[in-house]
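I set out to record what I looked up in this model, entry by entry.

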Amino acid sequence: MKNRRLKDIRETYASKYGFSMPEKPILKAKRGLSEDVVRQISQSKGEPKWMLEYRLKALEAFNKKPMPMWGADLSKIDFQDIFYFVKPSDEEKRTWEDVPEEIKITFDRLGVPQAEREYLAGVKAQYDSEVAYSSLISDIEDKGVIFSSTDEALRKHPEIFKEYFGKVVPFADNKFSALNSAVWSGGSFVYVPKGVTVSRPLQAYFRINAQSMGQFERTLIIVEEGAFAHYVEGCTAPVYSSDSLHAAVVEVIVKPGARFRYTTIQNWSDNVYNLVTKRARVEKDAVMEWVDGNLGSKKTMKYPSCYLVGEGAKGEVLSIAYASKGQHQDAGGKMIHAAPNTSSRIISKSVSLRGGRTSYRGLVDITPAAPNSKSRVECDALILDPLSATDTFPTMRINESSANVEHEATVSKIGEEKLFYLTSRGLTESEAMSLIVSGFIEPIVKELPMEYAVELNRLIELEMEGSVG
Amino acid sequence: MKTLLLKEKENMIFFPEEDTQYVMFLRSSSTTLEVNFEKEGVSCEVLILGKIKKGNSVVLNTIAHHLVPNTSCLTTYHAVLEDSSSSDYTGKIIIAEKAFQTTSYLNNKTLVAGENVKNISKPELEIESDDVKASHGSSTGRIREEDIFYLISRGLSRKEAEEIIIEGFFENVLSKIMDEEVREKVRAEVKY
Amino acid sequence: MKNSLEIENLRVTVDEKEILTGVDLKIKPKEVHALMGRNGSGKSTLAQTLMGNPIYKVVEGSAKIYGKEILNLEPTERAQLGLFLSFQYPSEIPGVRVYSYLRMLYNKSHEQKLSPKMFKELLQENMKLLEMDDSFADRFLNEGFSGGEKKRMEMLQMMMLEPKVVILDEVDSGLDIDAIKIVSKAVNNLMERNGTSVLLITHYSRILNHIKPDFVHIMLDGKIIKTGGEEVAQNLEEYGYSQAELVSPTVKDEE
């Protein structure tokens with residue numbers, strides 16, 4: 001084995017994504033978590049009383065719940081060192097011209113307006129605690145599709161909101177769903193009416209700018225019978241020496257015969273704790289697909305879930321985890337089969353290098369209510385150097401005799417013979433290695449729209465130094 | 001390679017000095033079997049067969065812990081679950097830092113041959129070294145109706161067909177047992 | 001005229017065992033040299049060593065392509081100098097599509113870049129020559145390919161790279177006569193338009209009916225022990241290796 005030093009895109013993160021703008025919030029709650037802060041958030045949004053009460057109950061649950069003792073090491077999080085609410089502007093704008101200058105510059109540098117012009121149906125751009133820019137192409141709006149910030153949905157569509165909010169992920173589900181439920185702000189609300197197909201992706205971009213910031217967006221998506229949509233989110237943050245916290249909750253309801261795809265390309269800076277609860281309720285003959293790319297953050301704990309509650313429902317998680325220096329990606333997926341003839345699939349591909357660690361953690365639960373269900377899980381881990389590590393922690397819980405459940409996992413490194421084969425055709429070792437890694441994640445990348453696929457392949461490009469014999 | 005036939009009991013820890021096959025037949029018990037590889041070049045197989053009869057339950061933990069370079073382990077657990085039985089299996093492969101050129105595989109297959117069964121399968125990998133080959137697989141499924149039909153169409157009764165399929169399911173593991181005496185002992189248990 | 005490939009006193013070990021015990025060979029531009037010998041005589045070791053496989057350790061000797069020493073170069077650099085090895089056992093690279101891979105190879109090996117349309121035409125032309133179906137372009141590199149498909153894939157890469165010196169390591173093994181004709185057509189086509197020279201490693205003389213050798217060498221115990229014209233291969237066919245080896249010991253090829 002040759003002695004190589006790997007370089008990757010994380011080393012240039014600071015200049016590409018890790019920049020910051022001067023903080024010019026119009027409201028910033030004082031540092032730390034308290035009932036006062038929760039009340040201040042609710043008051044600043046002019047929320048109904050039930051929401052304030054909900055937040056306060058969630059805060060209580062958060063305080064009572066212990067930190068998870070499994071998964072990534074979260075012992076360094078200091079909840080009193082975080083800013084829980086930083087309001088960037090007075091309201092969400094409909095044109096980029098109206099967006100405050102430093103926010104506009106940020107999203108320009110990240111390429112959001114350009115992507116919007118080229119291939120998106122609508123955009124939400126969240127900056128710190130709230131959505132600063134919002135758009136939806138008019139013919140989709142005319143079909144009755146709602147794509148707004150979650151704050152705005154609470155004001156404008158209170159009935160739908162109250163019917164679904166907190167139903168898929170109860171606030172007491174886990175410590176971080178409780179935290180989110182107490183201090184949530186921003187996030188996307190998507191409502192796709194019966195039978196409507198939204199063919200171009202709806203995109204949300206989450207940007208943390210402030211230092212020691214906690215971003216707690218809350219996303220609620222309802223896809224009515226027979227409808228289809230594809231939602232994509234991206235996230236980045238400045239590189240700071242102090243830690244930031246991102247604890248989102250995403251709830252998705254996929255009604256009978258509908259299909260929904262939720263794609264995440266998470267590229268937080270290496271000082272962000274990313275602790276997210278994502279769950280979908282999948283009804284009769286509906287299909288839910290999570291495409292989950294975790295490339296950034298210091299520690300991620302995230303296991304997108306499908307509750308397959310209707311007969312014939314299908315769930316899928318396609319997960320890519322990439323852990324470089326100082327990163328631990330604890331990611332995976334959960335499939336709860338709670339109706340007959342349901343099926344699920346989880347494919348996980350992870351790459352660890354330069355001392356990073358990836359952990360696949362998953363659950364397939366076939367309940368007694370789910371006869372004739374099947375599930376297939378494939379986890380492949382690639383370790384690129386001796387410093388790095390990987391784990392696989394799947395659980396298959398089968399309480400139904402007719403279930404068919406399969407799980408396979410492999411761990412491997414890049415074979416020298418493959419590198420030699422490709423270098424003998426004139427590729428450099430860096431090119432050969434990048435090519436093999438991109439081939440390794442291809443089964444997931446091919447599911448992405450072209451623009452995102454290109455982006456993802458760029459994010460995992462590798463370089464090698466000092467390749468001496 | 002020597003073959004050891006183990007009795008099901010609570011806790012067993014081994015530090016193999018030479019290539020060894022550990023064979024165990026399970027009916028109803030709570031068992032932990034840990035194999036620690038602390039001698040380079042050692043290669044082991046852990047072969048466990050479980051025939052879990054009506055109302056019985058098995059809790060099984062296996063650990064293949066590779067601490068030094070160039071060791072290999074193959075862990076196989078095949079279980080048949082009859083009516084109202086359960087199996088709760090956790091199978092760990094741990095490869096420590098610097099345990100280069102480890103090969104470790106784990107395979108858990110559960111054949112459901114009754115109603116009201118419970119099966120938990122947790123195959124786990126913890127890998128701290130890059131120059132290794134490790135994988136695990138787990139599958140749970142009922143006896144396939146088409147297989148039963150095929151055998152019935154050749155004149156077997158349903159019960160005979162099921163028995164043959166179960167025997168065949170175990171045969172994959174039995175055939176790996178090198179010591180003939182041990183193999184035949186376990187084969188007799190399986191048939192019982 | 002410079003030799004396109006010149007090997008002098010090449011000694012190579014694998015796992016500290018000496019496999020090549022002093023190989024000398026000179027190939028001029030446009031020449032075809034066949035290298036024959038039993039299994040384990042060192043033919044594949046020679047091929048892999050020339051390409052720079054790190055498993056093979058050079059103890060002594062030199063190998064030059066058009067006068068430039070290559071033994072101290074990385075495989076990438078040797079390929080860039082125009083050396084190509086058709087692997088006996090090509091690697092499978094999952095997830096990497098043949099089309100985009102070949103495009104990458106082409107762009108790296110040619111200064112003149114082609115538009116996507118022109119590239120596609122060139123690729124199709126070469127695939128047609130090799131009687132490969134268009135659908136190959138969408139498959140993953142060598143993944144799930146049959147032995148014969150892998151050999152054609154090697155030839156397709158060769159055609160796209162247009163190397164100056166080609167080593168074919170048992171390109172004919174496992175191929176039927178029709179497939180051998182197709183592979184030979186590709187090699188002859190490349191020699192004609194590109195002035196490529198060929199080192200053809202094989203067990204069987206039948207491919208020599210389609211790729212005409214200027215010289216035939218026989219290798220034994222890591223050395224070339226006999227060199228001659230086509231008749232050497234003929235003798236081999238008739239008398240087998242032991243006889244051929246007996247005919248004359250250690251004949252070096254002439255200057």
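The entries below follow that order.

**Conventions.** I number residues from 1 along each chain as its sequence is written, and I letter chains from A and number ligands from 1 in the order in which they are written. I note that this is a predicted model, in which local features need pLDDT of at least 70 and side-chain atom pairs count only at pLDDT 80 or more, while totals for chains, interfaces and linings use all residues.

**Chain contacts.** I took two residues as in contact if their C-beta atoms, placed from the backbone, lie within 7 Å. Of the two pairs of chains that touch, chains A and B have the most contacts. I found that chain B and chain C do not touch, their nearest C-alpha atoms being 16 Å apart.

**Chain B against chain A.** I counted 30 residues of chain B in contact with 30 residues of chain A. On the chain B side, the elements that give two or more residues are β10 (118-127) and β11 (133-142). Here helices (H or I, at least four residues) and strands (E, at least two) are DSSP runs, numbered from the N terminus. By class, this side of chain B has eight nonpolar, 12 polar and 10 charged residues. For these classes, Ala, Val, Leu, Ile, Met, Phe, Trp, Tyr, Cys and Pro count as nonpolar, Asp, Glu, Lys and Arg as charged, and the others, Gly among them, as polar.

I then looked at strand pairing, which requires that DSSP finds at least two bridges between two strands. Strand β25 (residues 404-412) of chain A pairs with β11(B) in the antiparallel sense over seven bridges. I asked which residue is the bridge partner of A:Val405 in β11(B). The partner is B:Thr140.

**Chain C against chain A.** I counted 21 residues of chain C in contact with 20 residues of chain A. The chain C elements that give two or more residues to this side are α2 (75-80), α3 (98-109) and α5 (147-161). Of these, α2(C) gives the most, with four residues. The residues on this side of chain C divide into 12 nonpolar, seven polar and two charged.

**Chain C on its own.** I found seven helices and 10 strands in chain C. The C-alpha atoms of chain C fill a box of roughly 55 × 40 × 35 Å along the principal axes. With 255 residues, a compact globule would have a radius of gyration near 18 Å, and the 18 Å of chain C agrees. That radius is taken over C-alpha atoms, and the globule rule is 2.2 Å times the number of residues to the power 0.38. Buried residues make up 42% of the 255 residues in chain C. I called a residue buried if 20 or more other C-beta atoms lie within 10 Å of its own, exposed if 12 or fewer, and partly exposed in between, with C-beta atoms placed from the backbone. Among the contacts in chain C with a separation of 6 or more, residues 24 or more positions apart account for 70%.

I traced an open antiparallel sheet of four strands in chain C, in the order β2-β1-β4-β5. Strands β2 (17-27) and β5 (68-69) stand at the edges with a single partner strand each, so one side of each is left without a neighbour in the sheet. Two bridges join β4 (residues 57-65) to β5(C), and C:Ile65 stands opposite C:Lys68.

**Domains of chain A.** Chain A is divided into domain 1 (20-413) and domain 2 (414-469), with bounds from an automatic or database domain assignment. The domain centres, taken over C-alpha atoms, are separated by 28 Å. I counted 19 residues of domain 1 in contact with 15 residues of domain 2. The domain 1 side divides into 14 nonpolar, three polar and two charged residues.

**Core.** The largest nonpolar core has 259 residues, and those with the most contacts inside it are A:Val223, A:Val252, A:Val254 and A:Met288. Such a core is a set of buried Ala, Val, Leu, Ile, Met, Phe, Trp, Tyr and Cys residues joined through C-beta atoms within 7 Å. α5(C) gives the most to this core, with seven residues. Both domains of chain A give residues to this core, so it lies between them.

**Loop residue.** I placed B:Glu8 in the loop between β1 (2-6) and β2 (11-14) of chain B. B:Glu8 is partly exposed, with 18 other C-beta atoms within 10 Å.
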